[in-house]
Amino acid sequence: MRTRSVLTLAGAATALALAVATPASADGAVLTTGGAGGTAVAVGDTLTAPLASGTSATLYSSATGTSGVSCTSSQFTASVTANPAAPGTATESVSGHTFDASSCTSNVLGVTGVSSITVDNLPYTATVASDGTLAVSPASGSTIQTTVKLKTLLGSITCVYQAAALTGKTDNSDSSITFTNQQFTKSSGSSLCFANGYFTAKYAPVTDGGAQVYVN
């Protein structure tokens, strides 16, 4: 009887240890609401996120500089196209990425203001992996492209920047996505348009119908 009790206790302890070692999200989806390992985000749901409070989206001329364009209001919109069990990779279709020009400023010599910033060639495809890595890519044969229209002392100029892909990182602590120094190359524009643009921004919180989204 004692041997059986010891074995039973040992078995229970082993089961408890395995339960603790296994992430709660193991049987759930990659994208959830209500917390990590929560309710799966449904395919077809629309996710949105503004810039994190108190932050700016910047497109600077170098990875370490502060010369370029800065905006305090921006938002992206994406629909979920696949949300498999975790660990895995969810996919989204990015249908909107906007910048409010009235919130944008520029400190480039000769530039007096920002008329508009437009993200072209949408939709893009975004993949979100369980390790938190987010990748954004354009349709086959296309490119990620942003058109920046600036006001100058000599009139308006248009700067077009392109990138093959973007990489970001998600964080469940605030349901955020952060892009850091993602490089764009000027494809057209005047000499006032800097040759390279380095995009940095933090979007938070990512929500699904008002509920924060978590990555598992």
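A disulfide is taken here as a pair of cysteine sulfur atoms within 2.5 Å. The views below show a predicted model.

**View 1. The disulfide between Cys71 and Cys104.** The sulfur atoms of Cys71 and Cys104 lie 2.0 Å apart, one of two disulfides in the structure. The torsion about the S-S bond of Cys71 and Cys104 is about 110 degrees, so this disulfide is right-handed. Cys71 belongs to strand β5 (residues 68-71) and Cys104 to strand β8 (residues 104-106), so that distant parts of the chain, 33 residues apart, are linked. Cys71 and Cys104 are both buried.

**View 2. The disulfide between Cys159 and Cys193.** Here, too, the S to S distance is given: 2.0 Å between Cys159 and Cys193. With a torsion of about -75 degrees about its S-S bond, the Cys159 and Cys193 disulfide is left-handed. Cys159 sits in strand β13 (residues 155-163), while Cys193 sits in the loop between β15 and β16; the pair therefore ties together parts 34 residues apart in sequence. Both cysteines, Cys159 and Cys193, are buried. Counting bonded cysteines along the chain, the disulfide pattern is 1-2, 3-4.

**View 3. The aromatic pair of Phe76 and Tyr203.** The whole structure contains four aromatic pairs. In the pair of Phe76 and Tyr203, the ring centres are 5.6 Å apart and the planes meet at 75 degrees; planes over 60 degrees apart count as edge-to-face, so the pair is edge-to-face. Phe76 is part of strand β6 (residues 74-82) and Tyr203 is part of strand β16, so the pair ties together parts that are 127 residues apart in sequence. Phe76 and Tyr203 are both buried.

**View 4. The aromatic pair of Phe179 and Phe199.** The ring centres of Phe179 and Phe199 are 6.0 Å apart, and an angle of 40 degrees between the planes makes the pair tilted. Since Phe179 lies in strand β15 and Phe199 in strand β16, the pair ties together parts that are 20 residues apart in sequence. Both Phe179 and Phe199 are buried. Together with Phe99, Phe179 and Phe199 form one aromatic cluster.

**View 5. The loop between β9 and β10, with Asn121 and Pro123.** Most residues other than glycine have a negative phi, and most peptide bonds are trans. Asn121 has a positive phi, near 60 degrees. The relative accessible area of Asn121 is 33%, so Asn121 is partly exposed. In this loop, which runs between β9 (111-120) and β10 (124-129), lies Pro123. The peptide bond from Leu122 to Pro123 is cis, with omega near 5 degrees.

**View 6. The cis peptide bond between Ala204 and Pro205.** Omega of the bond joining Ala204 and Pro205 is about -5 degrees. Pro205 is found in the loop between β16 (196-203) and β17 (207-208).

**View 7. Ser175 in the loop between β14 and β15.** The loop of Ser175 runs between β14 (166-171) and β15 (176-188). Phi of Ser175 is positive, near 50 degrees, in a residue other than glycine. Buried residues have under 20% relative accessible area; Ser175, at 2%, therefore counts as buried.

**View 8. The whole chain, for orientation.** Of its 216 residues, 41% count as buried. The chain exposes about 10,600 Å², of which carbon and sulfur atoms supply 57%. Among contacts between residues at least 6 apart in sequence, 65% join residues at least 24 apart.

Conventions:
Residues numbered from 1 in each chain as written. Predicted model: local features only at pLDDT ≥ 70, side-chain atom pairs only at ≥ 80, totals over all residues. Heavy atoms only, no water. Helix = DSSP H or I, 4+ residues; strand = E, 2+ residues; numbered from the N terminus. Buried < 20%, exposed > 50% of the residue type's maximum accessible area, 1.4 Å probe, protein only. Contact = heavy atoms within 4.5 Å. Areas by Shrake-Rupley, 256 points an atom, 1.4 Å probe, with all protein chains shown as cover. Phe/Tyr/Trp six-rings, centres within 6.5 Å; stacked < 30°, edge-to-face > 60°.
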